[in-house]
Amino acid sequence: MTTTDPRAVVIRYVEAVRDGDADVVYDSFAADATWHYPGDLPISKTWHGRDAIVDDFLGGMGPILVPGSMTIELVGTIAEGDRVVAEWTSRADTVFGTVYDNRCIGVYTVRDGRITSVVEYSDTRHVAAALFPGHGAPVLGRTVQAP
């Protein structure tokens, strides 16, 4: 790890994902890091430990995406102390013939030059439709009361 500045650590991580640099991605996380992905998707849970995050969560997307089709663009970051908010876009073609095109936000905590926790927010309805067709994510309704 070349820097302990939280913003620089997160930027380095996002750029490593973009560039496919698996060693830097792995090195970006503390051994006991957590990543929380909300919702009711197959990937929705809190992932515990660097190996689970890198191999199972991030690496689990590989079989779903068409090789070489992923593009990631870092939109911006906001940092305060050891917390960094990063916004990025991800786009890829999927093996299902759909296009994944999502804007995401991650709230990262960085300590001693490594990411210790992430909470990611994205359009989970789009994630379900593009990456997990047939998952059966519920359609959210809105209840309106009569006057």
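Two strands are taken to pair if DSSP finds at least two bridges between them, and helices (H or I, at least four residues) and strands (E, at least two) are DSSP runs numbered from the N terminus. The structure is a predicted model, in which local features need pLDDT of at least 70 and side-chain atom pairs count only at pLDDT 80 or more, while totals for chains, interfaces and linings use all residues. Residues are numbered from 1 along each chain as its sequence is written, and side-chain values use heavy atoms, with hydrogens and water left out.

**View A. Strand E1 pairs in the parallel sense with E6 and in the antiparallel sense with E2.**
The parallel pairing of E1 with E6 rests on four bridges, and within this pairing phenylalanine 29 stands opposite isoleucine 115 of E6. Strand E1 spans residues 29–37, whereas E6 covers residues 114–121. The antiparallel pairing of E1 with E2 is likewise made by four bridges, and here tyrosine 37 has lysine 45 of E2 as its bridge partner.

**View B. Strands E4 and E5 form an antiparallel hairpin.**
Strand E4 (residues 83–93) and strand E5 (residues 99–111) are joined by 11 bridges, with five residues between the strands of the hairpin.

**View C. Valine 85 of strand E4 is partly exposed.**
The relative accessible area of valine 85 is 30%, which is why valine 85 counts as partly exposed (buried means under 20% relative accessible area, exposed over 50%, and partly exposed in between, with a 1.4 Å probe and protein chains only). When residues up to four places away in sequence are not counted, valine 85 is in contact, meaning heavy atoms within 4.5 Å, with Gly76, Thr77, Ile78, Ile105, Gly106 and Val107. Leucine 65 lies 20 residues from valine 85 along the chain, and their C-alpha atoms are separated by 26 Å.

**View D. Threonine 94 is set in the loop between E4 and E5.**
Threonine 94 counts as buried because its relative accessibility is 5%. The side chain of threonine 94 makes a polar contact at 2.5 Å with the side chain of threonine 98; a polar contact is a pair of N or O atoms within 3.5 Å, where within protein one atom must be able to donate a hydrogen and the other to accept it, and residues adjacent in sequence count only if both atoms are side-chain atoms. Apart from neighbours within four places in sequence, the contacts of threonine 94 are Ile64, Leu65, Val66, Tyr100, Ala130 and Leu131.

**View E. Strands E5 and E6 run antiparallel and are joined by seven bridges.**
One of the residue pairs in this view is glycine 106 with its bridge partner in E6, glutamate 120. Two residues lie between the strands of the E5 and E6 hairpin, and aspartate 112 is located in this loop. Aspartate 112 has a positive phi of about 55 degrees although it is not a glycine. With a relative accessible area of 74%, aspartate 112 is therefore exposed.

**View F. The buried residues of helix H4 pack against E1 and E5.**
Helix H4 comprises residues 124–131, and Val127, Ala128, Ala130 and Leu131 are buried in it. Two of these, Ala130 and Leu131, are also among the contacts of threonine 94. At the start of H4, the backbone nitrogen of arginine 125 has a side-chain oxygen of aspartate 123 within 3.2 Å.

**View G. Helix H3 has buried residues whose cover includes H2, E1, E2 and E6.**
The buried residues in H3 are Arg50, Ala52, Ile53, Val54 and Phe57. Strand E2, one of the elements that cover them, spans residues 45–48.

**View H. Aspartate 19 belongs to helix H1.**
Aspartate 19 counts as exposed because its relative accessibility is 52%. Aspartate 19 and threonine 71 are separated by 52 residues in sequence, and the distance between them in space is 8.9 Å, C-alpha to C-alpha.
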